[in-house]
Amino acid sequence: MDKQRRSGRLIVWILPLLFTLLLLVMVTMWVTLPLMMSRSRSRVNTQRPRNFHGTTWSNDPRSRSAINETSMKLNVQTKPSSIDSSPSRQVPAQKILTAAFFGKDTGKKSLVKESSQELCPSRDSSDNRSASLEMENLFNLAAPVPSRDTGRCFRVFTYASHAGRDDKFCRSTRSAILSGVNVHVLGWGLPWIGLQNKTKGLLDLLVLAEKEDPECVIVFLDAYDTLYSAAPGESFSNAVVRKYEEIVRATGKHVVYSGECNCWPRMPECHNRERFPGETPTRFLNSGGWVATASAALKLHTHLFNEYRAIAGHDMKRRVDDQNLTAVAYAYRRDEFSMTLDHFRSIFATFQKVVNSAPFPDCDPAKDFVFRDGGWYDTRQNTFPNFLHFNGGSKAHMQKYEAKLMQGSTVDAKYTCLYFNTEQRQLGEVCDAAEFWEPS
């Protein structure tokens, strides 16, 4: 009995002790395991790209010699390659990419391995005064040469806080570079809370633009589903400014929005010809692209921002449809805000089709386009639109259209420096997935 009592006491003491030790082990593993996994991921991430965005690598050695000459013509900043392009010593593009993204030594120096500070002019990040001055001069950071024929100030902007979940932002930006457009990406790196990020950022830019040059021609575009397409025989800036001035002379309006054949969002005004007039299918407003003088754009977007605030207040997360706000302004107050549409797809083309959606006629813009003389030609309107917007369900066409624009290009978009908010960065640094830079 005494032995049984002693063994019983031991069990009573040992079981809680074992339970306590087991609990301590579980708590220790619960605390340390996430740290160990994060360290492991950080080691792996140094061996592979950070995301899956990018474009196409050119392995033509002749393109290297053409980069600087082309860049001066297009007014983009590009660093010459340090890679020896002689046939006997040239390193294949895929091998260079392996070194750049997976840390393997090819015996050659890869530009992608260098930081953006070595490749693109940049300010000292610790200089707060310099940062403040750059914000004050945000409008002129990416200032290209004036349009050669007209001498007018010309700027192209878009808004993107990050590169997105797929490669469409990178494809869009690459097409801008290939067309000689020094696009300035606003909002890069800023936390995306809601549409107020974009509306407030755009309004701040327009305030600076109006002070600098009220008559400057400004283009603003969606960042994730737009391609830039140059017209043959004319520089991109000349073509856009010339077409814009033609529309202004014909209509007397100074804010030109992209038109589309789909009325979205659906509203009673869609069925009213007085609210959305026009003899072409593209008589409805699309807010994904517009061109205007700085002063006219500021007046309109001040109104749109106030309307947004009237609905959402200071709730940055509240969803408000910017196209709806703009379409209502166009339907009821277009004369006040000097608004019109690009009815004939002269500058902008949108590709969302309308099928079996009475009373709207069936419309499939993609059927009207053929690739001709290095650009996309609209056979219905006899134009070469400069901005191709693959809105809604038409995004599936985007890569096919881009592939044609890439044909024969010698501009190395990978090493081109653009402004992302107030910092210059190479496109190859932002769009850093190796598979998109390899030869197709």
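## A buried cysteine to start with

Let's begin at Cys-216, which counts as buried, with a relative accessibility of 0%. Keep in mind that this is a predicted model. The partner of Cys-216 is Cys-153, and the two form a disulfide with their sulfur atoms 1.9 Å apart. The torsion about that S-S bond is about -60°, so the link between Cys-153 and Cys-216 is left-handed.

Where do Cys-153 and Cys-216 sit along the chain? Cys-153 is in the loop between helix H5 (128–136) and strand E2 (154–159), while Cys-216 is in the loop between helix H7 (195–212) and strand E4 (217–221). The pair therefore ties together parts that are 63 residues apart in sequence. Cys-153 is buried as well, at 13% relative accessible area, because buried here means under 20%.

How many disulfides turn up in the whole structure? The search finds five. If you number the bonded cysteines of the protein in sequence order, they pair up as 1-9, 2-4, 3-10, 5-8 and 6-7.

One of the five disulfides joins Cys-261 to Cys-363, with sulfur atoms 2.2 Å apart. Here the torsion about the S-S bond is about -85°, so this disulfide is left-handed. Cys-261 lies in the loop between strand E6 (255–260) and strand E7 (284–293), and Cys-363 in the loop between strand E9 (348–350) and strand E10 (369–372), so the bond ties together parts that are 102 residues apart in sequence. Cys-261 and Cys-363 are both buried.

## Helix H6 and its link to Cys-431

Now for the pair Cys-170 and Cys-431, which form a disulfide with their sulfur atoms 2.0 Å apart. The S-S torsion of this link is -95°, and the link is left-handed. Cys-170 belongs to helix H6 (residues 168–178) and Cys-431 to the segment after helix H12 (427–430), so the pair ties together parts that are 261 residues apart in sequence. Cys-170 is buried, with a relative accessible area of 0%, and Cys-431 counts as buried at 0% too.

Why is H6 described as largely enclosed by the rest of the structure? It's because 10 of the 11 residues of H6 are buried. Those buried residues are Phe-169, Cys-170, Arg-171, Ser-172, Thr-173, Arg-174, Ser-175, Ala-176, Ile-177 and Leu-178. So Arg-171 and Arg-174 are on the buried list, and each of them has under 20% relative accessible area because that is what buried means here.

## Just past the helix

Just after H6 comes Gly-180, which takes a positive phi of about 80°.

Ser-179 and Val-411 are 232 residues apart in sequence, yet 9.3 Å apart in space, going from C-alpha to C-alpha. Val-411 is found in the loop between helix H11 (398–406) and strand E13 (416–420). Val-411 is buried, with a relative accessible area of 13%.

Which residues make the nonpolar surface patch of about 600 Å²? They are Ile-14, Leu-15, Leu-17, Leu-18, Leu-21 and Leu-24. One of them, Leu-18, is found in helix H1 (residues 2–45). As background, an α-helix has 3.6 residues a turn, so residues three or four places apart point the same way.

Terms used
Residues are numbered from 1 along each chain as its sequence is written. This is a predicted model: local features need pLDDT of at least 70, side-chain atom pairs count only at pLDDT 80 or more; totals for chains, interfaces and linings use all residues. Side-chain values use heavy atoms; hydrogens and water are left out. A disulfide is a pair of cysteine sulfur atoms within 2.5 Å. Helices (H or I, at least four residues) and strands (E, at least two) are DSSP runs, numbered from the N terminus. Buried means under 20% relative accessible area, exposed over 50%, partly exposed in between (1.4 Å probe, protein chains only). Patches are made of residues with over 30% relative accessible area and no salt bridge: like charges are joined within 9 Å, nonpolar side chains (Val, Leu, Ile, Met, Phe, Trp, Tyr) within 5 Å. Accessible areas come from the Shrake-Rupley method with a 1.4 Å probe; for residues, only the protein chains shown count as cover. A salt bridge is a side-chain nitrogen of Lys or Arg within 4 Å of a carboxyl oxygen of Asp or Glu.
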